[in-house]
Amino acid sequence: MKLNPHFKLRSIAGETIIVNQGVPDTDLTRIISFNFSACLLWKRLSGKDFTLQEAALVLVESYHIPQEQAERDVVIWADALKNVQPYLIDITMDIILDKPEQMLFALLRSALNSTKLISEILFTDISPALWQACYKLACTQGVMALAWDGIQTLLGLFATPEGFEIKLGDGGREL
């Protein structure tokens with residue numbers, strides 16, 4: 001999704017609101033006022049294509065809240081934008097991925113040398129069950145080799161959990 005660049009944040013009488021700058025025939029009878037978190041999301045995400053997970057990550061990194069809470073808050077924020085002014089947000093992807101799906105996509109991006117940086121928060125305190133779910137998803141989707149390449153690129157970036165083991169065929173190797 002992407003925020004409409006014709007709408008700008010403005011502070012008027014102590015309130016931060018969205019102002020239309022260049023969208024003709026827009027219903028201006030509904031005004032949306034932003035709190036601090038909504039302003040933070042707008043400022044950090046303006047001019048970028050982003051997913052709801054990336055928006056949630058802004059809240060996690062800024063407020064150190066659980067990912068699940070951030071995802072709920074971001075859905076509420078995006079829904080409010082769509083309901084008050086449909087032109088505010090261009091929706092290209094409105095899917096919430098679960099943690100193993102987020103991990104797999106991050107590994108695939110890393111393997112494919114994406115310029116998009118991988119957040120360390122996504123791979124912090126990952127349980128063996130989440131790694132197993134990510135592994136099963138990669139196998140089901142037929143991308144285990146790419147996921148493995150992604151893991152190789154991440155090993156130098158992040159510390160792996162104590163006792164973390166990757167099984168290769170019949171054997172295993174502790175990292």
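Which residues touch the most other members in the largest nonpolar core? I looked this up first: of its 26 residues, Phe34, Leu41, Trp42, Leu45 and Trp77 do. By nonpolar core I mean a set of buried Ala, Val, Leu, Ile, Met, Phe, Trp, Tyr and Cys residues joined through side-chain atoms within 4.5 Å. Buried stands for under 20% relative accessible area, exposed for over 50%, and partly exposed for what lies in between, with a 1.4 Å probe and protein chains only.

**Ground rules.** I am reading a predicted model, in which local features need pLDDT of at least 70, side-chain atom pairs count only at pLDDT 80 or more, and totals for chains, interfaces and linings use all residues. Residues are numbered from 1 along each chain as its sequence is written, and side-chain values use heavy atoms, with hydrogens and water left out.

I checked which elements give two or more residues to the core with 26 residues, and found β2 (7-12), α1 (36-45), α2 (52-63) and α3 (67-84). Helices (H or I, at least four residues) and strands (E, at least two) are DSSP runs, numbered from the N terminus. I also found a second, separate core of 15 residues, with Leu104, Cys134, Val143 and Ala147 among them.

**Helix α1.** I listed its buried residues: Ala38, Cys39, Leu40, Leu41, Trp42 and Leu45. Asn35 caps the N-terminal end of α1, with a side-chain oxygen 3.1 Å from the backbone nitrogen of Ser37. Just after α1, I noted Gly47 with a positive phi of about 80°.

**Aromatic pairs.** How many aromatic pairs does the structure hold? I found two. Rings of Phe, Tyr and Trp (its six-membered ring) pair if their centres lie within 6.5 Å; planes under 30 degrees apart count as stacked, over 60 as edge-to-face, and the rest as tilted. Phe34 and Trp42 are edge-to-face, because their ring planes are at 65°, with the centres 5.8 Å apart. Phe34 counts as buried at 8% relative accessibility, and so does Trp42 at 4%.

The pair of Phe50 and Trp77 is tilted, at 6.4 Å centre to centre and 40° between the planes. Phe50 lies in the loop between α1 and α2 and Trp77 in helix α3, so this pair ties together parts that are 27 residues apart in sequence. Phe50 is buried at 3% relative accessibility, and Trp77 is buried at 7%.

**Cysteines.** I searched the whole structure for disulfides (cysteine sulfur atoms within 2.5 Å) and got zero. Cys139 is in no disulfide, and the nearest cysteine sulfur, that of Cys134, is 9.6 Å away. Is Cys139 buried or partly exposed? Its relative accessible area is 36%, so I put Cys139 down as partly exposed. Cys39, at 8%, is buried.

**Helix α4.** I compared its length with the expected span, 1.5 Å times one less than the number of residues. The 13 residues of α4 (residues 99-111) should span 18 Å, and the end C-alpha atoms are 18 Å apart, which agrees. Its buried residues include Pro100, Gln102, Met103 and Leu104. Asn113 follows α4 and has a positive phi, near 60°.

**Gln67.** I looked up this residue in helix α3 and found it buried, with a relative accessible area of 13%. Not counting residues up to four places away in sequence, Gln67 touches Gln53, Ala56, Val60 and Gln102, contact being heavy atoms within 4.5 Å.

Terms used
Polar contact = N/O pair within 3.5 Å; in protein donor to acceptor, adjacent residues only side chain to side chain.
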